[in-house]
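Thanks for asking me to look this over with you.

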Amino acid sequence: MLLKKLQLKTIGYKLMFVCCFSFFFTSIVSAQEIIPDAVALKPAEAPTGGKLKIDGIIATVGEYIVLDSDIDKGFLEITSQGGSVKDITRCQMLGKLLEDKLYAHQAIQDSIIVSDAEVRSMMEERLNYMVQQVGDINKVVQYYRKNSVEEFKTYFADILKEQKLASEMRDKIVKDVEITPEEVRNFFKKIPKDELPTFGAEMEVAQIVVEPKVSKEDKQKVIDRLNAMRDDVLAGSSFATKAVLYSQDKASLPNGGFYKITRKTPFLKEFKDVAFSLQEGEISAPFETIYGFHIIMVEKIKGQEIELRHILISPTVSEDALKEAKERITNIRTKIVNKEVSFADAARSDSDEKETRANGGTLVNPNTQDTRFELTKMDPTLYSQVSNLKDTEVSQPLLNTDEKEKKTYKIITVTNRIDEHVADYAKDYTKIKELALKEKQINAIAKWFDNKIKDTHIKIIGEYRDCSFANNWLKK
């Protein structure tokens with residue numbers, strides 16, 4: 001019963017995250033999936049499915065308003081992403097929207113600041129991605145039923161700012177919520193044996209990675225090429241044109257290598273260090289990051305914000321270097337198979353992957369931050385590489401190309417298999433701790449809502465006053 005209560009509590013928060021990220025983020029980063037099939041919004045229905053009515057304000061929270069059409073947009077975004085809305089009522093959707101508004105409203109009251117520079121940076125990043133994916137920002141403008149790019153940007157900036165405020169407020173509420181081992185133990189003890197969760201089959205995986213060596217000559221060729229471009233620009237050529245023609249940074253290429261950044265923008269430290277060392281109009285010398293070699297030209301400095309353009313070119317990995325890397329990892333595999341060295345020791349001494357080398361090549365699940373991967377939730381590429389491996393078997397060398405188009409060779413092995421099983425406190429402590437912490441966070445958020453609803457001007461209009469909300473929005 002306790003676990004069921006937790007599951008019921010989390011329904012509202014699942015809805016919150018699904019809607020928030022579907023509506024304000026996923027539709028942007030996956031715009032190529034939605035925009036071509038954009039569907040006209042239907043007139044809003046009453047919560048009981050009665051007569052159609054003209055769109056208008058249905059609720060206010062502090063200085064924020066909720067329109068009837070906002071509910072339709074929430075449903076539309078979920079279905080556009082392949083989600084099901086059959087179990088989500090209009091009242092529940094309104095409840096989620098009211099939560100978002102209260103988060104944002106209270107963030108302002110608590111002096112949480114989201115700067116215009118942050119919003120512009122977020123917008124540029126999203127818009128750059130959209131242009132890269134769909135090729136035309138006008139498709140996005142059409143999808144959101146705006147009359148111009150500028151009108152869409154104004155509209156979208158408000159959405160991004162509200163989203164960021166809400167996110168910061170949620171983080172503030174739960175950031176100090178911690179769970180002790182005793183609380184985890186008590187949480188587990190309260191779950192009746194016949195209601196213990198079942199965890200799916202999992203495995204632990206390790207890998208050894210060998211990177212092809214880029215020769216000094218190949219690096220120098222790139223440096224010379226960038227220096228030649230720099231000289232051309234100093235002589236009067238267009239930096240933006242050269243970025244469009246030659247840069248390998250797909251995100252900024254359509255905009256001539258343009259970015260707006262602050263010190264808080266999540267770019268590489270070495271990139272920001274160079275950018276913030278330049279004066280307006282100055283062009284950097286070529287410098288290296290994990291992505292390749294760059295040159296940066298600063299166009300404008302506005303306080304703590306910099307407008308810049310950059311060109312990225314990565315050295316080409318030669319066929320000889322790839323062949324040498326494959327031979328090296330084949331030799332490592334042979335030693336492991338012949339029992340000359342363990343997989344873990346070989347990873348520590350020979351792997352080029354810094355993130356896993358110290359742990360004997362063991363991979364960390366990015367979704368859970370532990371070493372177990374649930375088979376049904378595993379990355380399809382990784383699953384295809386390990387699904388047919390037997391215990392202690394080492395894969396043949398695999399050529400891997402990552403999202404940066406960087407080529408490496410790797411070998412991979414399964415170090416542990418965990419069959420589907422009923423939750424066990426000792427074996428599944430990490431997962432049980434996550435459930436216990438989630439319950440404690442949910443309780444903290446619920447208490448926060450109870451307190452803030454009492455102190456905030458909230459008004460719900462018309463038929464929506466008949467809704468049964470999880471929170472006391474009607475202050476009855």
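1. Let's begin with the contacts across the whole chain. Taking contacts in the protein between residues at least 6 apart in sequence, 68% join residues at least 24 apart. Please keep in mind as you read that this is a predicted model.

2. Next, the overall make-up. The protein's secondary structure consists of 16 helices and 13 strands. There are 476 residues in the protein, and buried ones make up 44% of them. The accessible surface comes to about 25,900 Å², and carbon and sulfur atoms account for 50% of that surface.

3. Now find helix 4 (residues 90-109) and helix 7 (residues 149-174). At what angle do their axes cross? The axes come within 8 Å of each other and cross at roughly 80°. Angles of 65 to 115 degrees count as roughly perpendicular, so helix 4 is roughly perpendicular to helix 7.

4. Stay with this pair and look at the side that each helix brings to the contact. Helix 4 contributes D100, K101, Y103, A104, Q106, A107 and I108. From helix 7 come E162, L165, A166, M169, R170 and I173. By type, the residues of this contact divide into 8 nonpolar, 1 polar and 4 charged.

5. Move along to the strands. Strand 6 (residues 287-289) and strand 7 (residues 292-302) run antiparallel and are joined by 3 bridges. They form a hairpin, with 2 residues between them. To see the pairing for yourself, locate T289, which stands opposite G292 in strand 7.

6. Strand 7 also has a partner in strand 8 (residues 305-313). How many bridges link strand 7 and strand 8? The two pair in the antiparallel sense over 9 bridges, and M297 stands opposite R309 in strand 8. This pair forms a hairpin too, again with 2 residues between the strands. In the turn, G303 has a positive phi of about 65°.

7. Is S284 buried or exposed? Its relative accessible area is 4%. Buried means under 20%, so S284 counts as buried. Leaving aside neighbours within four places in sequence, S284 is in contact with R230, V274, L278, I295 and I296.

Key. Residues are numbered from 1 along each chain as its sequence is written. This is a predicted model: local features need pLDDT of at least 70, side-chain atom pairs count only at pLDDT 80 or more; totals for chains, interfaces and linings use all residues. Side-chain values use heavy atoms; hydrogens and water are left out. Axes are lines fitted to C-alpha atoms, for helices over the stretch in contact, and angles run from 0 to 180 degrees between N-to-C directions. Helices (H or I, at least four residues) and strands (E, at least two) are DSSP runs, numbered from the N terminus. Angles under 35 degrees count as roughly parallel, over 145 as roughly antiparallel, 65 to 115 as roughly perpendicular and the rest as oblique. Contact means heavy atoms within 4.5 Å. Ala, Val, Leu, Ile, Met, Phe, Trp, Tyr, Cys and Pro count as nonpolar, Asp, Glu, Lys and Arg as charged, and the others, Gly among them, as polar. Two strands pair if DSSP finds at least two bridges between them. Buried means under 20% relative accessible area, exposed over 50%, partly exposed in between (1.4 Å probe, protein chains only). Accessible areas come from the Shrake-Rupley method with a 1.4 Å probe; for residues, only the protein chains shown count as cover.
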